[in-house]
Amino acid sequence: LSAMSDTQGRPCVGDLVEHRAERLFHVGRLDADSEGLLLLTNDGELAHRLMHPSYGVRKTYLAEVTGAVPRELGRILRAGVELEDGVARADSFRVVGRAGARVMIEIALHEGRKHIVRRLLDAVGHPVQRLVRTAIGPVRLGGQRPGTVRELTRAELAELYRLVDKSS
C-alpha cells in the first residue's frame, strides 16, 4: 500500500523505511492494483508542490489496455474527457507497443485525482488491465525492482526543486 502504515497490518511503504527517524511524506499514491514509482521525502512542502496540479509536474504511466486504439484517441485525451468530478486531460499520450489484443499506452498527466488514469481510459472505452507509474517529473523508474528503495541523485533532487520553484 502507498501509505506509511496500515491498521489492518498489510504491507505498506512505511515498512520499507521504518528504520528512518525522520518523518517521511510520500509523493502520490498508487492503488492496490497499480505499481511503479513512489517518491518519499522529508520535505512536506516539496511533496505538496510535486502533487498539486498548479505546479504542472508530470506523472507518466504505462497502461495496458485491450482492443483497437483509435488514431484520434490521443487528441481526445489531450482535449479533455468529462468525468464525474470534472474534466481530465492528458498532457501527452502515445501507443508504445502492441501484442495481439494488448496495447501498451504511455500517458502523462500533471494532476493526481484518485484513480485518474484508470477513470480517464475507462471513460473512452479502454479499461486498464495493468498500470505502472514510470516517472514523476525528471525521476524515472528505469530498472528499479518492486519493493526496492534508492536515494535520488543530486541532479534529480535539484530538478524537482526547480520544477516547483522551491529553493533547496
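A residue counts as buried under 20% relative accessible area, as exposed over 50%, and as partly exposed in between. That cut-off comes up several times below, and bear in mind that this is a predicted model.

Take Arg130 to start with: its relative accessible area is 42%, so arginine 130 lands in the partly exposed class. Its salt-bridge partner is glutamate 35, with the closest N and O atoms 3.1 Å apart. Arginine 130 belongs to strand β9 (residues 130-136) and glutamate 35 to strand β2, so to speak a link between distant parts of the chain, 95 residues apart. Glutamate 35 is partly exposed as well, at 32% relative accessibility.

Now for the chain as a whole. Its secondary structure comes to five helices and 10 strands. The radius of gyration is 17 Å, close to the 15 Å that the globule rule gives for 168 residues, so the chain is as compact as a globular protein of that length. Along its principal axes, the C-alpha trace spans about 50 × 35 × 30 Å. Buried residues make up 37% of the 168. If you look at contacts between residues at least 6 apart in sequence, 58% of them join residues at least 24 apart. The chain exposes about 9900 Å², and 48% of that comes from carbon and sulfur atoms.

On to charge. There are 26 positive and 22 negative side chains, and the centres of the two sets lie 4 Å apart. Side chains of opposite charge can pair when their charged atoms come close. How many salt bridges does a search of the whole structure find? The search finds 12.

| Acidic residue | Basic residue | N to O distance |
| Asp31 | Arg118 | 3.2 Å |
| Glu35 | Arg130 | 3.1 Å |
| Glu64 | Arg102 | 3.9 Å |

What about the other two pairs in the table? Aspartate 31 sits in the loop between β1 (25-27) and β2 (34-36), while arginine 118 is in helix α4 (residues 116-123), 87 residues apart. Aspartate 31 has 22% relative accessibility, so it counts as partly exposed, whereas arginine 118, at 17%, counts as buried.

The Glu64 pair joins two strands: glutamate 64 is in β4 (residues 59-66) and arginine 102 in β8 (residues 102-109), 38 residues apart. Glutamate 64 is buried at 14% relative accessibility, but arginine 102 is partly exposed at 44%.

Finally, there's a network of salt bridges, which links Glu84, Asp85, Glu111, Arg113 and Arg119.

Conventions: Residues numbered from 1 in each chain as written. Predicted model: local features only at pLDDT ≥ 70, side-chain atom pairs only at ≥ 80, totals over all residues. Heavy atoms only, no water. Helix = DSSP H or I, 4+ residues; strand = E, 2+ residues; numbered from the N terminus. Rg over C-alpha atoms; globule rule 2.2 N^0.38 Å. Buried < 20%, exposed > 50% of the residue type's maximum accessible area, 1.4 Å probe, protein only. Contact = heavy atoms within 4.5 Å. Areas by Shrake-Rupley, 256 points an atom, 1.4 Å probe, with all protein chains shown as cover. Lys, Arg positive; Asp, Glu negative; His and termini not counted. Charge placed at Lys NZ, Arg CZ, Asp CG, Glu CD. Salt bridge = Lys/Arg side-chain N within 4 Å of Asp/Glu carboxyl O.
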